[in-house]
Amino acid sequence: MVCRVTEDHSYELDAAGLRALAHPLRIRILGELRAEGPATATQLAERFEQRSGTTSWHLRQLAEHGFVEQDTERGNRRERWWRATHAETALHPERFSADAELGPALSALLHEIAANHHRELTGFLARLSEWSGAWIEASELSDWQLSLSRDELAEFTAEAGRLVERYRRDPAAGDEPVMVQLRAFPRGERRE
């Protein structure tokens, strides 16, 4: 298997997994299967305005690298359903950033992740009028500038991750799917 399964049942990318996932459509397909559940290549093609042959090929590539698998409980001989094998992918960019050969794949993956975050946010803003005032008030769209050391930034992001884990659960009555995005990075010039 190209990705190591971690204790929290996410995939930890290795070099082969990074290369396989570093395609904008593959990232979107995997995200869609994780968020919306199993789908066929035809359904995914309609969602992403692609040909079903294209989405089918990318699904097979994702399956080859362990990101998705056929959902044998659905469909029939003509209709093949796919599902994500894990809820999350763990990416540690520092493990790949010094490798010039992996640089383009890492850059493509990180830029597509950022583009997906942007699409999620602008989608919410486009549908803002559909939400009640209470849901809008409960939401957050802020940024803060802090002055932190590298160690403090690492502790901050680890603490944010622990906070997210405290709230992770199976959906309950009254729940809505909530996208939590945290961006914490040094803002100035690169310094050591």
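In the predicted model described here, Val68 touches Leu30, Leu33, Leu59, Leu62, Ala63, Trp82, Arg83, Ala84 and Thr85, residues up to four places away in sequence not being counted, where contact means heavy atoms within 4.5 Å. Residues are numbered from 1 along each chain as its sequence is written, and side-chain values use heavy atoms, with hydrogens and water left out. Because the model is predicted, local features need pLDDT of at least 70 and side-chain atom pairs count only at pLDDT 80 or more, whereas totals for chains, interfaces and linings use all residues.

The protein contains seven helices and six strands, which are DSSP runs numbered from the N terminus, a helix being H or I with at least four residues and a strand being E with at least two. Read from the N terminus on, these elements follow the order β-β-α-α-β-α-α-β-β-β-α-α-α. The C-alpha trace spans about 60 × 50 × 30 Å along its principal axes, and the accessible surface comes to about 14100 Å², of which 50% belongs to carbon and sulfur atoms; accessible areas come from the Shrake-Rupley method with a 1.4 Å probe, and for residues only the protein chains shown count as cover. Of the 192 residues in the protein, 26% are buried, a class defined by a relative accessible area under 20%, with exposed meaning over 50% and partly exposed in between (1.4 Å probe, protein chains only). Among the contacts with a separation of 6 or more, 57% are accounted for by residues 24 or more positions apart.

Val68 also belongs to the group of residues that, together with Leu18, Leu21, Ile29, Leu33, Leu59 and Phe67, touch the most other members of the largest nonpolar core, which has 26 residues. Such a core is a set of buried Ala, Val, Leu, Ile, Met, Phe, Trp, Tyr and Cys residues joined through side-chain atoms within 4.5 Å. Two or more residues of this core are given by each of helix H1 (15-21), helix H2 (24-36), H3, H4, E5 and helix H5 (103-126), and the largest share, five residues, comes from H2.

An open sheet of three strands, in the order E3-E5-E4, shows antiparallel pairing, two strands being paired if DSSP finds at least two bridges between them. Strand E3 (39-40) and strand E4 (68-70) are the edge strands, each pairing on one side only. E3 is joined by two bridges to strand E5 (residues 81-84), to which it runs antiparallel, and three bridges join E4 to E5, again in antiparallel fashion. Trp82 in E5 stands opposite Ala39 and also opposite Gln70.

Several individual residues illustrate the surroundings of the helices. Phe96, found in the loop between strand E6 (89-90) and H5, counts as buried because its relative accessibility is 6%. Leaving aside neighbours within four places in sequence, Phe96 is in contact with Leu13, Asp14, Ala15, Leu18, Leu91, Leu102 and Leu106; the C-alpha atoms of Phe96 and Leu18 are separated by 9.1 Å, although these residues are 78 residues apart along the chain. Glu112 lies in helix H5 and is buried, with a relative accessible area of 10%. Residues up to four places away in sequence not being counted, Glu112 touches Pro24, Ile27, Arg28 and Arg119.

Gln50, by contrast, lies in the loop between helix H3 (41-48) and helix H4 (52-64) and counts as partly exposed, at 36% relative accessibility. Its contacts, apart from neighbours within four places in sequence, are with Leu25, Ala45 and Thr55, while Gln50 and Glu137 are 87 residues apart in sequence and 37 Å apart in space, C-alpha to C-alpha.

Leu182 lies in the segment after helix H7 (150-167) and counts as partly exposed, at 44% relative accessibility.
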